[in-house]
Amino acid sequence: MEDLPSMTVSQRDQFLVLNDVFRIYSDFDASDIATQIFTVEIQRDKQLDYLMNGLRHLGPSFSSLDANRPWICYWILHSIALLGESVDDELENNTIDFLGRCQGSDGGYGGGPGQLAHLATSYAAVNTLVTLGGDKALSSINRCFLRRMKDPDGGFRVHDMGEMDVRACYLAISIASILNILDDELTQGLGDYILSCQTYEGGIGGEPGSEAHAGNTYCGLATMALITEVDRLNLDSLMNWIVHQQGVERGFQGRTNKLVDGCYTFWQAAPCVLLQRLYSAHDLVLQGSLHMSQPRDEDHEEHAHDEDDPESDDDDSDEDSNEGLLLTFSYHLQLNLVALFEDCRRVQPVFDSLNLQRYVILCSMVPEGGFRDKPGRPRDFYHTCYCLSGLSVAQHAWSKDKDTPPLNSDILGSYANHLEQVHLLHNVVMDRYNKAIEFFHRAV
Ligand SMILES: CC(C)=CCC/C(C)=C/CC/C(C)=C/COP(=O)(O)OP(=O)(O)O
Ligand SMILES: [Zn+2]
């Protein structure tokens, strides 16, 4: 960078990424229409080849992921499910057997057979088994373990004596919710802990005092939604932070002044769509068209006048009336989650969805199959999983309800690029989630 001596390292890195990205965009714009149509195709066959090969055989370079083997299962099998495909019986049985060998005698899954049970690999294993679906996969899960990871301070530790952070809270609550074992003991003090991690920027950091980051923001918001305390967060500043993380490349960065990365397509777009739907639910509450459960006792006392007439506007200033709306919103947000996710779909995404899809497809997708962080980086299964998950979220961000598939105009490229819809709080394909919930409600 001799020409630009006054640049900092971060500015230089950003400059180089912009150069790469805008060169790709201008080459694309300059190409003929047939080339453009081909370039934006997801190339399902290539994706499936890459994923299926990874499930059957991994080379020696994967030894560094030896403590993450359930994650590799999840990244690959979830990607295959997003593409609307399944694996054959042999691969399915092998996966169930392998994860069974990762499961400890007291429940919880380690990174491989005989390894210490860890919340992250437990989440990956549970989501894998939910994705495979069926009685054999789902009944192989021992539902103990989580209670041991609960810390008296309210949060969760990732393993016995391990670290406590927002990610650990999400992992535990996501598992507990899917397995239908979420109770007051697990949620006690948790909302306070997550709240203490929301930063002055509006996003959520990994621990109190840490910088806001996309991954932790997803984990914090999803946890608060699952324990129905989402209204305690400052949702306006959270939304404001997220929408400002979509950079000039139109991909998302994970934190302020850092580089764009394809995986943040999921970590940022999913909380964005969650927030859209919360605001949408809020609008419907005000219109009186959404059934909600009864307010909590303390909310009755605190916001008694709002309950009398949620639509009343007895305050003159805009600020106060907004406050009134939020208070109404607040007690109604012991949301009936079913109503939230099935009935309340806002039509216009609050992020630039089509150009986000353009970043992922033109800059993160690798022509031979698989996805990467950004141009110049190698593909990997983690980025393949979260780029595809993020693309799905971006495609479905417009849908009005769960049964309405995205329109042609919501999807960059042809309709062959359409991906299955994910459950935003768990990142498993929606119909696999529904089947698992049915199973674990029967299994009580
Ligand atoms: C469910 C689950 C496992 C959640 C994990 C969420 C997640 C992706 C957390 C990332 C945490 C973090 C601070 C990364 C910084 O990486 P970096 O400094 O390399 O990247 P950056 O420069 O883009 O911030
Ligand atoms: Zn990444």
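Student: Does Cys 144 count as buried, exposed or partly exposed?
Tutor: This is a predicted model, in which local features need pLDDT of at least 70, side-chain atom pairs count only at pLDDT 80 or more, and totals for chains, interfaces and linings use all residues; side-chain values use heavy atoms, without hydrogens and water. Residues are numbered from 1 along each chain as its sequence is written, while chains are lettered from A and ligands numbered from 1 in the order in which they are written. Buried means under 20% relative accessible area, exposed over 50%, and partly exposed in between (1.4 Å probe, protein chains only). The relative accessibility of Cys 144 is 48%, so this residue counts as partly exposed.

Student: Which cysteine has the sulfur closest to that of Cys 144, and how far away is it?
Tutor: A disulfide is a pair of cysteine sulfur atoms within 2.5 Å. The separation here is too far for a bond. The closest cysteine sulfur belongs to Cys 102, at 18 Å.

Student: How many disulfides are counted?
Tutor: Cys 219 is in no disulfide, since the nearest cysteine sulfur, that of Cys 169, is 9.1 Å away. Cys 219 is buried, because its relative accessible area is 6%. By the distance rule, the number of disulfides is zero.

Student: How many helices does the protein chain have?
Tutor: Helices (H or I, at least four residues) and strands (E, at least two) are DSSP runs, numbered from the N terminus. The protein chain has zero strands, and its helices number 21.

Student: On which side or sides of H1 do its buried residues lie?
Tutor: Helix H1 covers residues 9-30, and its buried residues are Val 17, Val 21, Tyr 25 and Phe 28. The arc that they cover, taken from the directions from the helix axis to the C-beta atoms, is only 70° around the axis. These residues therefore lie on the same side of H1.

Student: Which helices do the buried residues of H1 pack against?
Tutor: Contact means heavy atoms within 4.5 Å. The buried residues of H1 pack against helix H2 (33-39) and helix H19 (353-364).

Student: How far apart in space are Leu 419 and Leu 391?
Tutor: Leu 419 is found in the loop between H20 and helix H21 (430-442). Leu 419 is buried, because its relative accessible area is 0%. Beyond its neighbours within four places in sequence, its contacts include Ile 42, Leu 82 and Leu 391. Leu 419 and Leu 391 are 28 residues apart in sequence, and their C-alpha to C-alpha distance is 7.6 Å.
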